[in-house]
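Here are some notes for a first look. Please keep the structure open as you read.

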Amino acid sequence: MNTLKKLIVLMGLLSLLCAIPTMAQITNEVPLDAPFAYYAGNAQMPAGSYTVTQPEADDTLLLNEDASGSHSVYVEYVVASSDTPHAQSDVTFNKYGKADFLSLIWVQGENSGMQILPSKAERNAAKAAAAESHSLSAKSAG
């Protein structure tokens, strides 16, 4: 009987671990119109219209790509959580001096978002200046 209880607890924990990656996912895409150049990961993206997607549901990578596909980059993220569902989809940037870095993506109606892991360039910029966060509204196409 003791072995059965341990097996049930183990299966419950495994089920929970499988559900965690599904907490913060982009169902289809989040469109982003950036009126300024910004960094996503180690890539500098010029001002323009972009789409952020999650190509693989079980992966912690997001694809940030313009409509023509001429500018694209994969960025890694971790789950950020909120007590209440987000009222609208938006994208947050950290600004250090004149450089903007993609930081966080919230999807409308979700309690979790995607916190972009800082690149080496952002970590260096953070040493030189404090971040000023600002957000742009995005419409979830999901």
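In which sense do β4 and β5 pair, and over how many bridges? Take the points in order; the model is a predicted one.

1. Start with the strand pair. β4 and β5 run antiparallel to each other, and four bridges join them. For a landmark, find V52: N64 in β5 stands opposite V52.

2. β4 has another partner. Strand β1, residues 30-34, pairs with β4 over five bridges, again in the antiparallel sense. Here A34 faces G48, with G48 belonging to β4.

3. Now look at the loop from β4 (48-53) to β5 (61-66). P55 sits in this loop. Is P55 buried, exposed or partly exposed? Its relative accessible area is 41%, so P55 counts as partly exposed, because that class lies between the 20% limit for buried and the 50% limit for exposed.

4. Leaving out residues up to four places away in sequence, P55 touches L61, L63 and Y74. P55 and Y74 are 19 residues apart along the chain, and their C-alpha atoms are 9.8 Å apart.

5. The largest nonpolar core holds 22 residues, and Y38, L62, V91, F93 and I105 touch the most other members. At least two residues of this core come from each of β1, β2 (38-40), β4, β6 (72-81), β7 (90-96), β8 (99-106) and β9 (112-116). In soluble globular proteins, nonpolar side chains tend to be buried together.

6. Finish with Y38. Not counting residues up to four places away in sequence, Y38 touches L32, A43, Q44, M45, Y50, N64, F93, D100 and L102. One of these, N64, is the residue opposite V52.

Note on methods: Residues numbered from 1 in each chain as written. Predicted model: local features only at pLDDT ≥ 70, side-chain atom pairs only at ≥ 80, totals over all residues. Heavy atoms only, no water. Buried < 20%, exposed > 50% of the residue type's maximum accessible area, 1.4 Å probe, protein only. Contact = heavy atoms within 4.5 Å. Pairing = 2+ DSSP bridges. Core = buried A, V, L, I, M, F, W, Y, C linked by side-chain atoms within 4.5 Å.
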